[in-house]
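I set out to look up the charged side-chain pairs in this entry. My notes follow in the order in which I went through them.

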Amino acid sequence: MTSRIYLLNGPNLNLLGEREPTLYGHHTLADVESLCRAVTDRQRLELIARQTNAEHEMIAWLHEARHAAGIVVNPGAFCYHSVAILDALKICECPVVEVHISNIYRREDWRSKSILAPAATGVITGLGIDGYRLAMEHLVVLLAKA
Ligand code: CA2
């Protein structure tokens, strides 16, 4: 059984902490990675953390991650339109947790409909960057059961 976990972040999340702090907070993507690495290091799991603004790159990484122990993904705005990413998620054989920093149900109506959510094991939304840590902890629990 592989002990590799992927943390994948989608478009614009490289700028986390630089703008819109009321929605996304003041933490950066490096802070997100540290939070997640604290969980995986404690469990002696390997963390692969990446961010992309390109749909094709996200798809390639999902292919790469499909046999991993788990995936935590914030697809950003890809979740509203990318059928190609939906198909890539369906190929993944491991648990997938979709994370959104903001509460997508408290924003514009159109933001509340992630087309990717049905392909995820579960979704965490609105808990700030702590949602990533909780997603990692959940994957650890699933791994312990496996
Ligand atoms: O709440 C989330 O995590 C989102 O996935 C973030 C996406 C947004 O399209 C989703 O509706 C919810 C957008 C990320 C934009 O990232 C920024 C980073 C820094 C400054 C401004 C935006």
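**Salt bridges**

I began with helix 5 (residues 130–145), where Arg133 and Asp130 are 3 residues apart and so separated by about one helical turn. I noted that the model is a predicted one. The side chains of Arg133 and Asp130 meet in a salt bridge, at 2.6 Å from N to O. For Arg133 I found a relative accessible area of 25%, which makes this residue partly exposed. Asp130 also counts as partly exposed, at 29% relative accessibility. I then traced the shared partners: salt bridges join Arg42, Asp130, Arg133 and Glu137 into one network.

Next I turned to helix 2 (residues 29–42), in which Glu33 and Arg37 lie 4 residues apart and are therefore separated by about one helical turn. Their side chains form a salt bridge of 2.9 Å, N to O. I recorded Glu33 as partly exposed at 29% relative accessibility. Arg37 is likewise partly exposed, with a relative accessible area of 29%.

I then examined a pair that links two elements. Glu64 forms a salt bridge with Arg50, and their closest N and O atoms are 2.9 Å apart. Because Glu64 belongs to helix 3 (residues 55–65) and Arg50 to strand 2 (residues 46–51), this pair ties together parts that are 14 residues apart in sequence. Arg50 is partly exposed at 25%.

Finally, I noted the total: the structure holds 7 salt bridges.

Key:
Residues numbered from 1 in each chain as written. Predicted model: local features only at pLDDT ≥ 70, side-chain atom pairs only at ≥ 80, totals over all residues. Heavy atoms only, no water. Salt bridge = Lys/Arg side-chain N within 4 Å of Asp/Glu carboxyl O. Helix = DSSP H or I, 4+ residues; strand = E, 2+ residues; numbered from the N terminus. Buried < 20%, exposed > 50% of the residue type's maximum accessible area, 1.4 Å probe, protein only.
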